[in-house]
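Reader: I am new to this structure and would like to understand how its descriptions are reached. Could you take me through them step by step?

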Amino acid sequence: MAVQTLCCETSNQIDAIIERRGADPDSLIEILHAVQEEIGYLPCEVQEYVADRLGIAPGAVEGVVSFYSFFTTVPRGRHTVKVCQGTACYVRGGKRLLEAVSKHCGCGVGETSADMRFSLDVVRCVGACGLSPVMTVGDDVYERVKPTRVAEILAKYE
Amino acid sequence: MSQVNITINGQTVAAEAGMTVLQAAQAAGIRIPTLCYHPDLPAQGACRVCLVEIEGERVLQPSCTFKVREGMCVHTRSPRVRKARRTVVELLLSDHPSDCTACARNGTCELQSLAEELGIREVRVKAEPPGHEVDDSSFSVIRDPDKCVLCRRCIETCTVIQSVSGLRIKGRGYDSVVGAAFDLPLGSALCVNCGQCINRCPTGALTEKSHIGAVWAALEDPDTFTVVQTAPAVRVALGEALGMDPGKIVTGKMVAALRALGFDRVFDTDFTADLTIMEEGYELIHRVTTGGVLPQLTSCSPGWIKFIEHFYPDLLPNVSSCKSPQQMFGALAKTYFAQEAGVDPAKMRVVSIMPCTAKKFEAARPEMNDSGYQDVDYVLTTRELAQMIREIGIDFETLEESGFDDPLGQSTGAAVIFGATGGVMEAALRTAYEVITNEKLEDIDIHAVRGMQGVKEATVQVGNLELKAAVAHGLANARQLLDRVARGEGGYHFIEIMACPGGCLGGGGQPIPTSMEIRKSRAAAIYQADRDLPIRRSHENPSIQAIYEKFLGKPLSEKSHHLLHTKYTPRTRRANQVATRE
């Protein structure tokens, strides 16, 4: 599991980020954001490398990564699909919509499709209750989605 | 320090500026129940048990972190406080396992006593314990996360006191769990086995790996010859675990209790502490006179040894090659003593009574079998010994005192002070001075190396050498000192390092609770025990002179090297892995 070394390309990418932001433990969250942006996720080797560069314990980095739901330690798909399960969406078919998306992608909530195309999440409200049920793909919002439209919507994303 | 006047429960209280409300209340003799607060550690404000009402504050505030202000009005007994505190404790109990009778901390658990103090008879909310598995992968420390109350004392201990930072909290809310980074089992993780986390854990979430069952089995087997050794710091702390006040010297009662348990011979690790002084002292003289690697670092503390193996592998050549007194004893019991007594070492079991959990790891090191067998078979902490004494109903306080057996039972005042920070240094200086100069050291109490200061220094004129010595206890203090050594600073000849605060008397296997006051009481008892002994210099111990005459030859002889000296293992900084040179 842990205690693997990084390939030198990845460590160079992290070095460049830390160079820009300064090797300051107070900047840990910003650094982790930037590293995740660039590499896509934060596996334990990456967390250990960041910890080493900032002179803090690996556990301190892992504490932060595991606390904030934004950070992920597993690779994510190219597109993130979020299906709203807030009250309004739920009563207007949000659950069936979620099942349809899950079936289409072949992965459960919090997981990524085998072809790395989609990662599936739920959200509790996107503030568009009048348009429920709602799902988002990346920054795009889809309203009043019926399960039958899922295949057509997701086909737009490679 | 400027003074601040506040009122607590209508009573005017003078506090020092910068104090917390809790400290001010404690100074005024007003009790506020706490859980995550520990006097050795920075306050966390994590558990909310110490909530108080402060006039002008919208919500209740944790008294352990809230600072006093002039004119502040605090209420610790208001209905709001009382109800909130009960709710907080009930919530802590809501997902806590309730099989207290089968817990290692039954009777010493702070959550249990808090529930008792508050008279909790009903827990209104009930949740399932998280269902984490018990981690018994380590030789020393067992972790049961379901019993954890997330107080963070262990994390702070590992980080602030020991600078190991091997523990962290992962996740959030109900899913939070304390453990080693990246979920490594403790046996594979970065851990020095010091057990300081156990000493500060309020519940049974962290305990030692018990050898009690194995020791009973050996004692109750008529074909097994059982030999026991007792570390210096046990005799000034064992009484605490058996209902006595801290600071009582109970050597004679401890020996009597061990005989009553059925050990065939009751010996003393103090004997091999004296032997350590001979070997380590001659090693130092050898290094100084032949241009060897300096400073020489002591090697008695297995938590410290694991620390340097992980964090400063480049400094391993500085570490004395001497085994710790525990391991010297094991190697000699199964050779020298077995031979003298006509006992088959294959049928012998050597048990150690140690203030230490790291000794369990040390005894299990693969290289510790120079007698041809595992040199030390089982290690009991002071707490485990107290448990065994209670189990068979020995009335410790009225026990008639008894003396150690020969030939591994005779020791000096120089050996007993091994149990306190600075003691090994003082004992070594007593002998080195006299061996090098051939003169009697007039005042053998070397006060510069005593006391609870984190890093101590002393310069002693030994013949024409101005010997520079340093002492550190607690690994965060050791790290400071080592960083200086690594930079080539200090010009030291000899450095003593003990992993635990106060030295072995504050070890991870000692009775719970621990605090600076308790450790100072134990230290005072150690130095009293030194003054009480007729011989106070290791080289004057007749049994030590005899073992060199009859068996070892001289210090650093070939036989000594074989049985009493060892090698170390460089490890990585990330996990319990042997480092491979690239």
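Reader: How far apart do the C-alpha centres of domain 1 of chain B and domain 2 of chain B lie?

Author: In this predicted model, the two centres lie 28 Å apart. Both belong to a chain divided into domain 1 (3-93), domain 2 (130-208) and domain 3 (212-564).

Reader: How do you know that domain 1 of chain B and domain 2 of chain B are in contact?

Author: Residues count as in contact if their C-beta atoms, placed from the backbone, lie within 7 Å, and by that criterion ten residues of domain 1 of chain B are in contact with eleven residues of domain 2 of chain B. On the domain 1 side, these residues comprise seven nonpolar, two polar and one charged.

Reader: Why is helix α8 of chain B called roughly perpendicular to helix α10 of chain B?

Author: The axes of α8 (residues 269-290) and α10 (residues 325-341) of chain B come within 8 Å and cross at roughly 105 degrees. Angles of 65 to 115 degrees count as roughly perpendicular, and therefore α8(B) is described as roughly perpendicular to α10(B). The residues making this contact include Thr269(B) and Leu275(B) of α8(B), with Phe329(B) and Leu332(B) among those of α10(B). By class, the contact of α8(B) with α10(B) has six nonpolar, four polar and no charged residues.

Reader: What makes β2 and β4 of chain B edge strands of their sheet?

Author: The open sheet has five strands in the order β2-β1-β5-β3-β4 (chain B), and its pairing is mixed. Both β2 (11-16) and β4 (61-62) of chain B have a single partner strand, so one side of each is left without a neighbour in the sheet.

Reader: How do you know that strand β1 of chain B pairs with β2(B)?

Author: Pairing requires at least two bridges between the strands, and β1 (residues 3-8) of chain B has six bridges with β2(B), in the antiparallel sense.

Reader: Which strands does helix α2 of chain B lie across, and at what angle does α2 run to β3(B)?

Author: Helix α2 (residues 79-94) of chain B lies across β3 (51-54) and β5 (73-75) of chain B, and runs at about 155 degrees to β3(B). Angles over 145 degrees count as roughly antiparallel.

Reader: How many residues of chain B are in contact with chain A?

Author: There are 14 residues of chain B in contact with 13 residues of chain A, and the chain B side has six nonpolar, four polar and four charged residues.

Notes. Residues are numbered from 1 along each chain as its sequence is written. Chains are lettered from A and ligands numbered from 1 in the order in which they are written. This is a predicted model: local features need pLDDT of at least 70, side-chain atom pairs count only at pLDDT 80 or more; totals for chains, interfaces and linings use all residues. Axes are lines fitted to C-alpha atoms, for helices over the stretch in contact, and angles run from 0 to 180 degrees between N-to-C directions. Helices (H or I, at least four residues) and strands (E, at least two) are DSSP runs, numbered from the N terminus. Angles under 35 degrees count as roughly parallel, over 145 as roughly antiparallel, 65 to 115 as roughly perpendicular and the rest as oblique. Two residues are in contact if their C-beta atoms, placed from the backbone, lie within 7 Å. Ala, Val, Leu, Ile, Met, Phe, Trp, Tyr, Cys and Pro count as nonpolar, Asp, Glu, Lys and Arg as charged, and the others, Gly among them, as polar. Domain bounds come from an automatic or database domain assignment.
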